[in-house]
Amino acid sequence: AERIIHRSDLFPIAYLEAGLIAAKSVCRISLRNHQGQIKGYGTGFLISPSLILTNNHVVDSYDTALNAVAEFNYEDDVNFMPRTIVPFRLEPERLFITDEALDFSVIAVQEKGLSGARVSDFGYLPLLPMPGKILEGEYVSIIQHPKGGPKAVTVRENEVKFLSDHFVHYASDTEPGSSGSPVFNDQWIVSALHHAGVPDPADPTKWIANEGIRISSILHHLHGERGKLDAAGASLLDGVLPEAPIPDSPAAPIEVGELAADWYNDAGGYDPAFLGEGLNVPLPPVKDAADVA
């Protein structure tokens, strides 16, 4: 007598394990002044073994980055006991790219901390250039440090409400300190960079959604910045940028062209034996060209 209500919310149990793996790359950004006093917190995440992505309004300048610390492992275990925080300094002298309009900053991070730990031990979240990683009506999850506290995740009431060329609106909960968090689709692929709440146009005291910047837009911008970097900076950025060309319009559908050619390089076309040996399912014959118009 069991039934799927509306649409299926069932996931394989490995979904939870994949989320834990993705969470390793997320860190709290501790913002400090020149005397080392705490000014505030944000969230960031590794996008390569050497680079962190967060918001421009979290780390807006070279000097801010120079005094900031990326703190990994700031979370509680299953017994509600705090794990050991593993800190790394940011190194904007190696790479610092920021953009106020898209509200993002990419910063190099210390590869080996004072504790002897390596930042590469925390993995990283690859950024994919093609749009369409999330659609209206689908759901997202956000791994974050709300109020600068231990790592948390939103897993309910997370529907995507609206998509524009550069931004995504969703119903997920966030708090101050969550800025710079990765927004994941159901495959734990980063689809957006969380940055702000969306006020109700009719009543600015109320909030109707949260907003993230589309990863395709960020990658498109980074591709344009690469030519301004020295050889060392370009090499660091190459660890993030895809080998295939990035579409001119980040939110445009993928056309059958340069990007699509690479995407389908290994595709063999329709396989009539996809059900197994001896179970051929041929394509139906086309009687009239209008059938496939």
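User: Why does Asn73 count as partly exposed?
Analyst: Asn73 has a relative accessibility of 24%, and partly exposed covers the range between the limits of under 20% for buried and over 50% for exposed. Please note that this is a predicted model.

User: And where does Asn73 lie?
Analyst: Asn73 is in the loop that runs between β4 (69–72) and β5 (86–89). Although Asn73 is not a glycine, its phi is positive, at about 75°.

User: What about the phi of Lys147?
Analyst: Lys147, likewise not a glycine, has a positive phi of about 55°. Lys147 belongs to the loop between β8 (141–144) and β9 (152–154).

User: Is Lys147 buried or exposed?
Analyst: Lys147 counts as exposed, because its relative accessibility is 61% and the exposed class begins over 50%.

User: Turning to the sheet, what is the order of its strands?
Analyst: The order is β5-β4-β1-β2-β3-β7-β6, an open sheet of seven strands with antiparallel pairing.

User: Which strands stand at the edges?
Analyst: β5 and β6 (96–99) do; each has a single partner strand, so one side of each lacks a neighbour in the sheet. From one strand to the next, the twist averages 30°.

User: How many bridges join β3 and β7?
Analyst: Four bridges, in the antiparallel sense, between β3 (residues 51–54) and β7 (residues 104–108). Within this pair, Leu53 stands opposite Val106 in β7.

User: Which helix packs on the sheet?
Analyst: Helix α3 (residues 215–225) does, touching β3, β6 and β7. The direction of α3 makes about 60° with that of β7.

Methods: Residues are numbered from 1 along each chain as its sequence is written. This is a predicted model: local features need pLDDT of at least 70, side-chain atom pairs count only at pLDDT 80 or more; totals for chains, interfaces and linings use all residues. Side-chain values use heavy atoms; hydrogens and water are left out. Helices (H or I, at least four residues) and strands (E, at least two) are DSSP runs, numbered from the N terminus. Buried means under 20% relative accessible area, exposed over 50%, partly exposed in between (1.4 Å probe, protein chains only). Two strands pair if DSSP finds at least two bridges between them. Axes are lines fitted to C-alpha atoms, for helices over the stretch in contact, and angles run from 0 to 180 degrees between N-to-C directions. Contact means heavy atoms within 4.5 Å.
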